[in-house]
Amino acid sequence: MEIVSENRCFGGVQTVYKHASKSCGVDMTFAAYLPPQAEDGPVPVLWYLSGLTCTHENAMTKGGFQEHAARNGVAVIFPDTSPRGGGVADDQAYDLGQGAGFYVNATRDPWKPHFQMYDYIVSELRGLVQDNLPISDRHGITGHSMGGHGALTIALRNPDLFDSVSAFAPIANPTRSDWGRKQLSAYLGDDETAWSCHDATILLQEHGWKGDILVDQGSADQFLDLLRPEALAEAMTKRRQPGIVRIQKGYDHSYYFINTFACDHIEWHAERLSKTRH
């Protein structure tokens, strides 16, 4: 891993790395915050998946996670949202192509050669981080919007790899939303049976989650109809899934919303990651 930048932050270190990705076939960039406790040994880690148009940098600089991570002894990993570069397929729309990987493995051209974000997050980057940074085998995952979709679907599909999951304003039911149907059809084709494993509401209905789930959603979110939090809440009720969907009065879809509740999510994950795995 090549170090792009490194800065002292709340007693820990905020680093940005670049590396060659086998999954995506291009160089990928990600950020990692290590709290001061990492100087004494491995610490649990929280993965933060960003939303549409974001890179590794947005949440790193605007999410406000580092102070709370330092206090709770949790590392935070901020991956990019897609492969990038001149040879990578793109689209003029902001919600498809570069910056909009949707955390799936594309099976259709022109996306298939590079857009393998599911494998990149679940296998490649996880292994790279595990092998090179002082983190333990206790992993939590969260994210915002498209990244909330990614966090929920990845955790629900990989309960053996993740010990806690939360989300900020996730795209909760993409197979029934314009934020989802467009991208899933572009990346995976028109057979909707291939989409269900990338829909948190469907996955929760079918499989549930081994622990509890925390979701925060702003009531003034300008994309509320596209996110469909009510579908996820209904699935949790029907499944009798432990967890909570909190509708936060007056909050929108911005990083001000994320920053406001970042402390809650860090502390929530830290508590669960500190428990012995059964």
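**Entry 1: strand S6**

I started with strand S6, residues 135-143. Eight of its nine residues are buried, so the rest of the structure largely encloses it. Buried here means under 20% relative accessible area, exposed means over 50%, and partly exposed lies in between (1.4 Å probe, protein chains only). Strands are DSSP runs of E with at least two residues, helices are runs of H or I with at least four, and both are numbered from the N terminus.

I noted the source at once: this is a predicted model, where local features need pLDDT of at least 70, side-chain atom pairs count only at pLDDT 80 or more, and totals for chains, interfaces and linings use all residues. Residues are numbered from 1 along each chain as its sequence is written, and side-chain values use heavy atoms, with hydrogens and water left out.

Next I looked up the partners of S6. Strand S4 (residues 43-49) runs parallel to S6, and six bridges join them. Two strands pair if DSSP finds at least two bridges between them. Leucine 46 has glycine 140 of S6 as its bridge partner. Strand S7 (residues 164-168) also pairs with S6 in the parallel sense, over two bridges. There, isoleucine 141 stands opposite valine 165 of S7. From S6 the chain passes through helix H4 (residues 146-157) to S7, a right-handed β-α-β crossover. I call a crossover right-handed if, with the strands pointing away from the viewer, the path from the first strand over the helix to the second runs clockwise.

**Entry 2: the sheet**

I traced the strand order next. The sheet is open, has nine strands and mixed pairing, and reads S1-S2-S3-S5-S4-S6-S7-S8-S9. Strand S1 (2-9) and strand S9 (243-248) are the edge strands, each pairing on one side only. On average, neighbouring strands of this sheet are turned by 20° against each other, direction ignored. Axes are lines fitted to C-alpha atoms, for helices over the stretch in contact, and angles run from 0 to 180 degrees between N-to-C directions.

I checked an antiparallel pair too. Strand S2 (residues 12-20) and strand S3 (residues 27-34) are joined that way by eight bridges. Tyrosine 17 faces phenylalanine 30 of S3.

Then I looked at helices over the sheet. H4 lies across S4, S6, S7 and strand S8 (213-218), and runs at about 130° to S6. Helix H8 (residues 229-239) lies across S8 and S9, at about 150° to S9. Contact means heavy atoms within 4.5 Å.

**Entry 3: helix H5**

I moved to helix H5, residues 178-188. Eight of its 11 residues are buried, so the helix is largely enclosed by the rest of the structure. Among the buried residues I listed Trp179, Gln183 and Tyr187. The buried residues of H5 pack against helix H7 (224-227).

I checked both ends. Serine 177 caps the N-terminal end, with a side-chain oxygen 3.0 Å from the backbone nitrogen of tryptophan 179. A polar contact is a pair of N or O atoms within 3.5 Å; within protein, one must be able to donate a hydrogen and the other to accept it, and residues adjacent in sequence count only if both atoms are side-chain atoms. Just after H5, glycine 189 has a positive phi of about 100°.

**Entry 4: cysteines**

I searched for disulfides, meaning pairs of cysteine sulfur atoms within 2.5 Å. The count is zero. Cysteine 24 is in no disulfide, and the nearest cysteine sulfur, that of cysteine 197, is 17 Å away. Cysteine 24 counts as buried, at 0% relative accessibility. The sulfur of cysteine 54 is 17 Å from the closest cysteine sulfur, in cysteine 24, which is too far for a bond. Cysteine 54 is also buried, at 7% relative accessibility.

I looked up cysteine 9 for its spacing. Glutamate 67 lies in helix H2 (residues 66-72) and is partly exposed, at 40% relative accessibility.

Most residues other than glycine have a negative phi, and most peptide bonds are trans. I looked for exceptions.

Aspartate 109 and proline 110 are joined by a cis peptide bond, with omega about 5°. Proline 110 is in the loop between strand S5 (75-79) and helix H3 (117-132). Tyrosine 103 is in the loop between S5 and H3. Its phi is positive, about 55°, although tyrosine 103 is not a glycine. Tyrosine 103 is buried, with a relative accessible area of 0%.

Threonine 53 has a positive phi near 75°. I found threonine 53 in the loop between S4 and helix H1 (56-62). It is partly exposed, with a relative accessible area of 48%.
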